[in-house]
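Please consult the sequence and the structure shown below while reading.

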Amino acid sequence: TYQQPSTGAPQPTGYTVRSLANVNMRGGPSIAYGIVYRLPFGRTAEIVGRNTAATWWQVRYNGFTGWVSGAYALPNPGTDISRIPVTLP
């Protein structure tokens with residue numbers, strides 16, 4: 001189903017992702033965006049949003065907000081993706 005992108009500052013969702021490698025956090029949901037920070041291997045970051053396909057997660061970690069690829073950072077078990085807002089870079 002289509003979900004209207006949220007506007008304004010991303011808000012906490014109560015869900016987290018765990019990194020499967022040292023993951024670049026980017027300014028948007030694509031490798032075309034610049035790197036804003038790095039999420040180290042095995043660390044968790046708070047999910048604040050996602051892209052429509054839920055293939056990229058917008059996360060907050062160590063005071064930085066950025067996007068990580070779902071190929072390298074997985075939501076923790078029990079995450080209800082439908083409760084995570086679609087956000088824009």
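## Charged residues and loop positions

Arg-50 is located in strand 4; strands, here and below, are DSSP runs of E with at least two residues, numbered from the N terminus. The model is predicted, so local features need pLDDT of at least 70 and side-chain atom pairs count only at pLDDT 80 or more, while totals for chains, interfaces and linings use all residues. Residues are numbered from 1 along each chain as its sequence is written, and side-chain values use heavy atoms, with hydrogens and water left out.

Which contacts does the side chain of Arg-50 make? Arg-50 is buried yet has no salt bridge, and Asp-80, the nearest side chain of opposite charge, is 8.1 Å away. The side chain of Arg-50 does, however, reach the backbone oxygen of Ile-84 at 2.9 Å. Buried denotes under 20% relative accessible area, exposed over 50%, and partly exposed the range in between, with a 1.4 Å probe and protein chains only. A salt bridge requires a side-chain nitrogen of Lys or Arg within 4 Å of a carboxyl oxygen of Asp or Glu. For the assignment of charge, Lys and Arg count as positive and Asp and Glu as negative, whereas His and the chain ends are not counted.

How many salt bridges does a search of the whole structure find? The search finds one. It is formed by Arg-60 and Glu-46, whose closest N and O atoms are 3.9 Å apart. This pair links distant parts of the chain, since Arg-60 belongs to strand 5 and Glu-46 to strand 4, 14 residues apart. In general, side chains of opposite charge can pair when their charged atoms come close.

| Residue | Relative accessibility | Class |
|---|---|---|
| Arg-60 | 28% | partly exposed |
| Glu-46 | 26% | partly exposed |
| Tyr-33 | 34% | partly exposed |

Tyr-33 is situated in the loop between strand 2 (23–26) and strand 3 (35–39). Tyr-33 and Trp-67 are separated by 34 residues in sequence and by 9.2 Å in space, C-alpha to C-alpha.

Two further loop residues concern the backbone. Ala-54, although not a glycine, has a positive phi of about 60°. It occupies the loop between strand 4 (44–50) and strand 5 (56–61) and, at 21% relative accessibility, counts as partly exposed. Asn-62, also not a glycine, has a positive phi of about 55°. Asn-62 lies in the loop between strand 5 and strand 6 (64–69) and is exposed, with a relative accessible area of 53%.

Terms used
Helix = DSSP H or I, 4+ residues; strand = E, 2+ residues; numbered from the N terminus. Polar contact = N/O pair within 3.5 Å; in protein donor to acceptor, adjacent residues only side chain to side chain.
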